[in-house]
Amino acid sequence: MEYTTLNDGVKIPMVGFGVYLIPASETKTAVSTALKDGYRLIDTAEYYHNEREVGEAVAESGIPRDQVFITSKMPPQPSYEEAMKRIDETCAAIGNDYLDLMLIHWPGNANVENYRALEDAQKAGKVRSIGLSSFYGKDYQEIIDQCDVVPVVDQNETHVFCQQVAFQPVLESHGTKLEAWSPLAAGSHQVFQRPLLKTIARAHHKTTAQVMLRFLFQRNIITIPKSVRPQRIRDNINIFDFELTADEMKLIRTLDRGKTMLE
(Lines give C-alpha, C1' and ligand atoms only; values in the text may rest on other atoms or scores of the structure.)
Protein backbone atom coordinates (compact mmCIF):
# COMPACT_ATOMS: atom_id res chain seq x y z
CA MET A 1 0.00 0.00 0.00
CA GLU A 2 1.14 3.52 -0.80
CA TYR A 3 0.47 6.30 1.72
CA THR A 4 0.39 10.08 1.60
CA THR A 5 0.83 12.52 4.46
CA LEU A 6 -1.97 14.97 5.28
CA ASN A 7 -1.35 18.58 6.26
CA ASP A 8 -1.56 17.65 9.97
CA GLY A 9 1.13 14.99 9.68
CA VAL A 10 -1.25 12.01 9.68
CA LYS A 11 -0.61 9.33 7.04
CA ILE A 12 -3.51 8.00 4.97
CA PRO A 13 -3.60 5.14 2.43
CA MET A 14 -3.88 6.29 -1.18
CA VAL A 15 -6.51 3.64 -1.94
CA GLY A 16 -9.35 2.85 0.44
CA PHE A 17 -12.57 0.88 0.47
CA GLY A 18 -15.88 2.74 0.17
CA VAL A 19 -19.15 1.32 1.46
CA TYR A 20 -21.72 3.67 -0.08
CA LEU A 21 -24.89 1.79 -1.12
CA ILE A 22 -23.64 -1.47 0.37
CA PRO A 23 -26.57 -2.77 2.47
CA ALA A 24 -25.85 -3.13 6.17
CA SER A 25 -26.43 -6.86 5.84
CA GLU A 26 -23.55 -7.13 3.33
CA THR A 27 -21.19 -4.52 4.75
CA LYS A 28 -19.42 -6.63 7.36
CA THR A 29 -18.53 -9.33 4.82
CA ALA A 30 -17.40 -6.80 2.22
CA VAL A 31 -15.21 -4.87 4.67
CA SER A 32 -13.76 -8.10 6.06
CA THR A 33 -12.83 -9.18 2.53
CA ALA A 34 -11.26 -5.78 1.84
CA LEU A 35 -9.18 -5.90 5.02
CA LYS A 36 -7.94 -9.40 4.17
CA ASP A 37 -6.92 -8.14 0.73
CA GLY A 38 -4.78 -5.37 2.20
CA TYR A 39 -7.06 -2.35 2.43
CA ARG A 40 -6.31 -0.19 5.45
CA LEU A 41 -8.67 2.72 4.76
CA ILE A 42 -12.41 2.18 5.20
CA ASP A 43 -14.76 5.03 4.30
CA THR A 44 -18.30 5.13 5.68
CA ALA A 45 -20.88 7.76 6.71
CA GLU A 46 -23.90 8.18 8.92
CA TYR A 47 -25.97 8.56 5.75
CA TYR A 48 -24.92 5.07 4.60
CA HIS A 49 -26.51 3.35 7.62
CA ASN A 50 -23.66 0.85 7.91
CA GLU A 51 -21.22 2.45 10.37
CA ARG A 52 -21.86 -0.22 12.99
CA GLU A 53 -21.07 -3.04 10.57
CA VAL A 54 -17.85 -1.33 9.51
CA GLY A 55 -16.81 -1.13 13.16
CA GLU A 56 -17.61 -4.78 13.73
CA ALA A 57 -15.58 -5.89 10.72
CA VAL A 58 -12.56 -3.87 11.86
CA ALA A 59 -12.85 -5.12 15.45
CA GLU A 60 -13.05 -8.76 14.35
CA SER A 61 -10.30 -8.51 11.72
CA GLY A 62 -7.47 -9.08 14.17
CA ILE A 63 -5.69 -6.04 12.74
CA PRO A 64 -4.58 -3.55 15.41
CA ARG A 65 -6.89 -0.54 15.47
CA ASP A 66 -4.05 1.89 14.85
CA GLN A 67 -3.31 0.16 11.55
CA VAL A 68 -6.80 0.75 10.08
CA PHE A 69 -7.78 4.24 8.97
CA ILE A 70 -11.52 4.79 9.51
CA THR A 71 -13.31 7.73 7.89
CA SER A 72 -16.90 8.74 8.53
CA LYS A 73 -19.03 11.71 7.57
CA MET A 74 -21.84 13.57 9.29
CA PRO A 75 -24.71 15.25 7.45
CA PRO A 76 -24.80 19.04 7.91
CA GLN A 77 -26.33 19.97 11.26
CA PRO A 78 -28.27 23.11 12.26
CA SER A 79 -25.92 24.01 15.11
CA TYR A 80 -22.58 23.40 16.81
CA GLU A 81 -24.31 21.44 19.59
CA GLU A 82 -26.06 19.09 17.18
CA ALA A 83 -22.81 18.54 15.30
CA MET A 84 -20.99 17.58 18.50
CA LYS A 85 -23.79 15.15 19.31
CA ARG A 86 -23.51 13.52 15.88
CA ILE A 87 -19.75 13.10 16.23
CA ASP A 88 -20.25 11.25 19.53
CA GLU A 89 -23.00 9.11 18.00
CA THR A 90 -20.77 8.11 15.08
CA CYS A 91 -17.94 7.07 17.40
CA ALA A 92 -20.43 5.01 19.43
CA ALA A 93 -21.92 3.40 16.31
CA ILE A 94 -18.51 2.37 15.00
CA GLY A 95 -17.53 1.24 18.49
CA ASN A 96 -14.36 3.30 18.78
CA ASP A 97 -13.10 6.00 21.09
CA TYR A 98 -11.88 7.93 18.08
CA LEU A 99 -12.08 8.21 14.30
CA ASP A 100 -9.12 8.76 12.03
CA LEU A 101 -10.99 11.22 9.83
CA MET A 102 -14.37 12.95 10.13
CA LEU A 103 -15.91 15.01 7.35
CA ILE A 104 -18.95 17.23 6.88
CA HIS A 105 -20.73 15.18 4.24
CA TRP A 106 -22.05 18.09 2.17
CA PRO A 107 -22.60 21.84 2.68
CA GLY A 108 -25.50 23.06 4.79
CA ASN A 109 -26.68 26.24 6.47
CA ALA A 110 -24.24 26.19 9.41
CA ASN A 111 -20.97 25.07 7.85
CA VAL A 112 -18.70 27.12 10.09
CA GLU A 113 -20.48 25.97 13.27
CA ASN A 114 -20.30 22.36 12.09
CA TYR A 115 -16.62 22.64 11.28
CA ARG A 116 -15.83 24.27 14.61
CA ALA A 117 -17.42 21.24 16.25
CA LEU A 118 -14.99 19.08 14.28
CA GLU A 119 -12.12 21.28 15.41
CA ASP A 120 -13.12 20.86 19.05
CA ALA A 121 -13.61 17.12 18.61
CA GLN A 122 -10.08 16.96 17.24
CA LYS A 123 -8.74 18.87 20.25
CA ALA A 124 -10.58 16.42 22.52
CA GLY A 125 -9.00 13.41 20.77
CA LYS A 126 -12.27 12.15 19.30
CA VAL A 127 -10.98 12.51 15.73
CA ARG A 128 -7.42 12.60 14.45
CA SER A 129 -8.07 14.59 11.27
CA ILE A 130 -10.95 16.67 9.93
CA GLY A 131 -12.14 17.65 6.49
CA LEU A 132 -14.96 18.15 4.03
CA SER A 133 -16.94 16.36 1.34
CA SER A 134 -18.54 17.93 -1.74
CA PHE A 135 -17.48 21.45 -0.78
CA TYR A 136 -16.63 23.75 -3.67
CA GLY A 137 -16.14 27.45 -4.30
CA LYS A 138 -17.51 29.75 -1.62
CA ASP A 139 -18.43 26.86 0.71
CA TYR A 140 -14.82 25.65 0.79
CA GLN A 141 -13.44 29.18 1.01
CA GLU A 142 -15.73 30.00 3.94
CA ILE A 143 -14.07 27.26 5.98
CA ILE A 144 -10.61 28.45 4.98
CA ASP A 145 -11.44 32.06 5.89
CA GLN A 146 -13.34 31.55 9.14
CA CYS A 147 -11.94 28.40 10.76
CA ASP A 148 -8.57 27.63 12.31
CA VAL A 149 -7.81 24.15 10.97
CA VAL A 150 -7.27 23.70 7.24
CA PRO A 151 -9.28 20.67 6.01
CA VAL A 152 -6.96 17.74 5.35
CA VAL A 153 -9.11 16.49 2.47
CA ASP A 154 -12.08 17.55 0.40
CA GLN A 155 -13.84 14.45 -0.87
CA ASN A 156 -15.38 15.22 -4.26
CA GLU A 157 -16.72 13.37 -7.26
CA THR A 158 -13.61 12.70 -9.31
CA HIS A 159 -13.13 10.26 -12.20
CA VAL A 160 -12.13 10.22 -15.86
CA PHE A 161 -15.25 12.18 -16.88
CA CYS A 162 -14.96 14.70 -14.04
CA GLN A 163 -11.25 15.17 -13.42
CA GLN A 164 -11.35 18.28 -11.19
CA VAL A 165 -8.37 19.75 -13.05
CA ALA A 166 -9.28 23.30 -12.03
CA PHE A 167 -10.31 22.62 -8.44
CA GLN A 168 -7.48 20.31 -7.37
CA PRO A 169 -4.88 23.13 -7.58
CA VAL A 170 -7.15 25.37 -5.48
CA LEU A 171 -7.30 22.72 -2.77
CA GLU A 172 -3.58 22.06 -2.93
CA SER A 173 -2.79 25.78 -2.63
CA HIS A 174 -4.30 25.63 0.86
CA GLY A 175 -2.82 22.24 1.77
CA THR A 176 -6.02 20.24 1.26
CA LYS A 177 -5.78 16.94 -0.62
CA LEU A 178 -8.39 15.86 -3.15
CA GLU A 179 -10.05 12.54 -2.31
CA ALA A 180 -12.16 10.97 -5.04
CA TRP A 181 -15.58 9.56 -4.40
CA SER A 182 -17.04 7.54 -7.27
CA PRO A 183 -13.55 7.15 -8.81
CA LEU A 184 -14.94 4.62 -11.30
CA ALA A 185 -17.73 6.99 -12.42
CA ALA A 186 -20.32 4.54 -11.06
CA GLY A 187 -19.99 2.73 -14.38
CA SER A 188 -21.68 5.62 -16.18
CA HIS A 189 -21.29 6.40 -19.90
CA GLN A 190 -20.17 2.78 -20.49
CA VAL A 191 -16.84 3.70 -18.95
CA PHE A 192 -15.63 0.12 -18.59
CA GLN A 193 -16.12 -0.43 -22.32
CA ARG A 194 -14.35 2.71 -23.52
CA PRO A 195 -11.97 1.65 -26.33
CA LEU A 196 -9.26 4.04 -25.14
CA LEU A 197 -9.27 2.65 -21.61
CA LYS A 198 -9.47 -0.94 -22.82
CA THR A 199 -6.47 -0.42 -25.11
CA ILE A 200 -4.38 1.04 -22.30
CA ALA A 201 -5.52 -1.73 -19.95
CA ARG A 202 -4.44 -4.43 -22.42
CA ALA A 203 -1.02 -2.82 -22.78
CA HIS A 204 -0.46 -3.18 -19.04
CA HIS A 205 -2.34 -6.48 -18.57
CA LYS A 206 -4.76 -4.68 -16.26
CA THR A 207 -8.50 -3.99 -16.09
CA THR A 208 -10.06 -0.71 -17.18
CA ALA A 209 -10.95 -0.06 -13.53
CA GLN A 210 -7.31 -0.44 -12.53
CA VAL A 211 -6.29 2.01 -15.24
CA MET A 212 -8.83 4.58 -14.01
CA LEU A 213 -7.65 4.24 -10.42
CA ARG A 214 -3.99 4.39 -11.44
CA PHE A 215 -4.72 7.58 -13.41
CA LEU A 216 -6.00 9.25 -10.24
CA PHE A 217 -3.18 7.84 -8.11
CA GLN A 218 -0.58 9.34 -10.46
CA ARG A 219 -2.31 12.70 -9.97
CA ASN A 220 -1.87 12.32 -6.19
CA ILE A 221 -5.59 11.81 -5.64
CA ILE A 222 -6.79 9.48 -2.86
CA THR A 223 -9.47 7.03 -4.04
CA ILE A 224 -12.15 4.96 -2.30
CA PRO A 225 -13.56 2.50 -4.86
CA LYS A 226 -16.47 0.29 -3.84
CA SER A 227 -17.48 -3.23 -4.76
CA VAL A 228 -19.05 -6.27 -3.13
CA ARG A 229 -17.47 -8.69 -5.61
CA PRO A 230 -14.35 -10.33 -4.14
CA GLN A 231 -12.38 -10.30 -7.40
CA ARG A 232 -13.08 -6.61 -8.03
CA ILE A 233 -12.20 -5.77 -4.43
CA ARG A 234 -8.83 -7.44 -4.99
CA ASP A 235 -8.32 -5.82 -8.40
CA ASN A 236 -9.07 -2.31 -7.18
CA ILE A 237 -6.19 -2.30 -4.71
CA ASN A 238 -3.74 -3.92 -7.13
CA ILE A 239 -2.62 -0.75 -8.93
CA PHE A 240 0.88 -0.22 -7.58
CA ASP A 241 2.83 -2.56 -9.88
CA PHE A 242 2.48 -0.59 -13.12
CA GLU A 243 2.72 3.01 -14.30
CA LEU A 244 0.87 4.90 -17.00
CA THR A 245 3.09 6.72 -19.47
CA ALA A 246 2.92 10.48 -19.97
CA ASP A 247 1.18 9.87 -23.31
CA GLU A 248 -1.38 7.56 -21.73
CA MET A 249 -2.10 10.13 -19.00
CA LYS A 250 -2.57 12.76 -21.71
CA LEU A 251 -4.98 10.54 -23.65
CA ILE A 252 -7.08 9.81 -20.57
CA ARG A 253 -7.32 13.54 -19.89
CA THR A 254 -9.25 13.87 -23.17
CA LEU A 255 -12.16 11.97 -21.57
CA ASP A 256 -12.84 14.83 -19.16
CA ARG A 257 -16.34 16.31 -19.58
CA GLY A 258 -15.80 18.83 -16.80
CA LYS A 259 -19.14 17.90 -15.28
CA THR A 260 -20.36 15.82 -12.39
CA MET A 261 -22.82 12.98 -12.95
CA LEU A 262 -25.61 15.26 -11.71
CA GLU A 263 -24.94 17.96 -14.32
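These questions and answers concern a predicted model.

Me: Which residue in E6 is the bridge partner of methionine 74?
Reply: Strand E5 covers residues 69-74 and pairs with E6 in the parallel sense over four bridges. The bridge partner of methionine 74 in E6 is isoleucine 104.

Me: Is the pair of tyrosine 20 and tyrosine 48 stacked, tilted or edge-to-face?
Reply: A pair of aromatic rings is described by the distance of the centres and the angle of the planes. A search of the whole structure finds six aromatic pairs. In the pair of tyrosine 20 and tyrosine 48, the centres are 5.0 Å apart and the planes stand at 45°. Planes under 30 degrees apart count as stacked and over 60 as edge-to-face, so with 45° this pair is tilted.

Me: How many residues apart are tyrosine 20 and tyrosine 48?
Reply: Tyrosine 20 is in the loop between E3 and helix H1 (24-36). Tyrosine 48 is in the loop between strand E4 (41-43) and helix H2 (51-60). The pair thus links distant parts of the chain, and the separation is 28 residues.

Me: Is tyrosine 48 buried or exposed?
Reply: Buried means under 20% relative accessible area. Tyrosine 20, at 40%, counts as partly exposed. Tyrosine 48 has 14% relative accessibility, so tyrosine 48 counts as buried.

Me: Which residues form one aromatic cluster?
Reply: Tyrosine 136 and phenylalanine 167 form a tilted pair, 5.1 Å centre to centre with 40° between the planes. Tyrosine 136 is partly exposed at 30%, whereas phenylalanine 167 is buried at 11%. The cluster consists of Tyr136, Tyr140 and Phe167.

Me: What is the accessible area of the nonpolar patch that includes Trp106?
Reply: Tryptophan 106 lies in the loop between strand E6 (99-104) and helix H4 (111-123). Its relative accessible area is 33%, so tryptophan 106 is partly exposed. With Tyr20, Leu21 and Tyr47, Trp106 forms a patch on the surface whose accessible area together is about 440 Å².

Me: How many disulfides does the count give?
Reply: A disulfide needs two cysteine sulfur atoms within 2.5 Å. For cysteine 91, which is buried at 7%, the nearest cysteine sulfur is that of cysteine 147, 19 Å away. Cysteine 91 is therefore in no disulfide. For the structure, the count of disulfides is zero.

Technical notes
Residues are numbered from 1 along each chain as its sequence is written. This is a predicted model: local features need pLDDT of at least 70, side-chain atom pairs count only at pLDDT 80 or more; totals for chains, interfaces and linings use all residues. Side-chain values use heavy atoms; hydrogens and water are left out. Patches are made of residues with over 30% relative accessible area and no salt bridge: like charges are joined within 9 Å, nonpolar side chains (Val, Leu, Ile, Met, Phe, Trp, Tyr) within 5 Å. Accessible areas come from the Shrake-Rupley method with a 1.4 Å probe; for residues, only the protein chains shown count as cover. A salt bridge is a side-chain nitrogen of Lys or Arg within 4 Å of a carboxyl oxygen of Asp or Glu. Helices (H or I, at least four residues) and strands (E, at least two) are DSSP runs, numbered from the N terminus. Buried means under 20% relative accessible area, exposed over 50%, partly exposed in between (1.4 Å probe, protein chains only). Two strands pair if DSSP finds at least two bridges between them. Rings of Phe, Tyr and Trp (its six-membered ring) pair if their centres lie within 6.5 Å; planes under 30 degrees apart count as stacked, over 60 as edge-to-face and the rest as tilted.
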